[in-house]
Amino acid sequence: KILEPAVGLGAFIPQIVSACYQVEKIEIDVVDIDSECLKKLKKYISSFNFHSSVKINYICEDFLMWDTDKSYDLVISNPPYFKLKSSDLKKYRENFNVKSDNIYAFFLKKFYDMADKFIFVIPKTFVMASDYEDIRKLYENIPVVQIIDYGVKYFKDVFIEILSIYFDKDYVEDICIENKLDKTKIYQKQK
């Protein structure tokens, strides 16, 4: 079972299905607040003719307010990154104790108890800015499988530094750290 919240137009879904080709059954819950976006996603996904072992559940909800007790094998997300308006900030802080006013910190907080494996595409501020210290502390005891630094110019129309981080609660091997800018890759021991 896989969760992809704030799915948008589902850029990761073909890769998820492809990466899970040896899995007997794949169930993906995609969540988005925008019903029109989910309609476009359904049309896009139908063009792939995925095997019958792939089931995609389309859920139109504000993920941060979505009341669920589901657990997943993997959460994969490129959550939205923006500062919340004061009314939304107040609403979300009623449910989550988060220091930051950026919405992606709230997503990471909600994900924490939903799975054992997480893959996030998030701003580099996560590892550097004091606003995210509480969220970093939450994840610091989960082993990291891989960190990929994409820098600023890797993704079209994205003007902030981006990382992908893969956490796995059961992982014990070295961390792979890859830099897409200078095409380097190093391995580091877990702490």
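By the ring-pair criterion, the count comes to 17 aromatic pairs; rings of Phe, Tyr and Trp (its six-membered ring) are paired if their centres lie within 6.5 Å, with planes under 30 degrees apart counted as stacked, over 60 as edge-to-face and the rest as tilted. The structure is a predicted model, in which local features need pLDDT of at least 70 and side-chain atom pairs count only at pLDDT 80 or more, whereas totals for chains, interfaces and linings use all residues. Residues are numbered from 1 along each chain as its sequence is written, and side-chain values use heavy atoms, with hydrogens and water left out.

A pair of aromatic rings is described by the distance of the centres and the angle of the planes. The rings of Phe63 and Trp66 have centres 6.1 Å apart and planes at 45 degrees, so this pair is tilted. Both Phe63 and Trp66 are buried, where buried denotes under 20% relative accessible area, exposed over 50%, and partly exposed in between (1.4 Å probe, protein chains only). Phe63 also forms a tilted pair with Phe111, at 5.5 Å centre to centre and 45 degrees between the planes. Because Phe63 lies in the loop between β3 and β4 and Phe111 in helix α4, this pair ties together parts that are 48 residues apart in sequence. Phe111, like Phe63, is buried. One aromatic cluster is formed by Phe63, Trp66, Phe107, Phe111, Tyr112, Phe118, Phe120, Tyr139 and Phe167.

Lys169 lies over the face of Tyr112, at 5.1 Å from the ring centre, and Lys1 lies over that of Tyr72, at 5.5 Å. Tyr112 is also touched by Leu138, as is Lys109, when residues up to four places away in sequence are not counted; contact here means heavy atoms within 4.5 Å. The C-alpha atoms of Leu138 and Tyr112 are separated by 7.9 Å, although the two residues are 26 residues apart along the chain. Leu138 belongs to helix α6 (residues 133–139) and is partly exposed, with a relative accessible area of 22%.

Helices (H or I, at least four residues) and strands (E, at least two) are DSSP runs, numbered from the N terminus. Helix α4 is mostly covered, as eight of its nine residues are buried. These are Ile103, Tyr104, Ala105, Phe106, Phe107, Leu108, Lys110 and Phe111. The buried residues of α4 pack against β1 (2–5), β4, α3, β5 (115–123), α5 (125–128) and α6.

In helix α2 (residues 35–46), twelve residues at 1.5 Å a residue should span 16 Å, and the end C-alpha atoms are 17 Å apart, which agrees; the expected span is 1.5 Å times one less than the number of residues. The buried residues of α2 are Cys37, Leu38, Leu41 and Ile45. Seen down the axis of α2, these residues fall within an arc of 95 degrees, so they line one face of the helix, the arc being that of the directions from the helix axis to the C-beta atoms. An α-helix has 3.6 residues a turn, so residues three or four places apart point the same way. The buried residues of α2 pack against α1 (13–19), β2 (26–32) and β3 (54–60), whereas Lys39, Lys40 and Lys43 are exposed on the other side. The N-terminal end of α2 is capped by Asp34, a side-chain oxygen of which lies 2.9 Å from the backbone nitrogen of Glu36. Such a polar contact is a pair of N or O atoms within 3.5 Å; within protein, one must be able to donate a hydrogen and the other to accept it, and residues adjacent in sequence count only if both atoms are side-chain atoms.

Several serines were also examined. Ser100, in the loop between α3 (86–93) and α4 (103–111), counts as buried at 0% relative accessibility. A polar atom of the Ser100 side chain lies 2.9 Å from the backbone nitrogen of Asn102. Beyond four places in sequence, the contacts of Ser100 include Leu89, Arg93 and Tyr132. Ser77 lies in strand β4 (residues 72–77) and likewise counts as buried, at 0% relative accessibility. Ser164, in strand β7 (residues 162–168), is buried with a relative accessible area of 9%.

Definitions and conventions. Lys NZ or Arg CZ within 6 Å of the ring centre and 35° of its normal.
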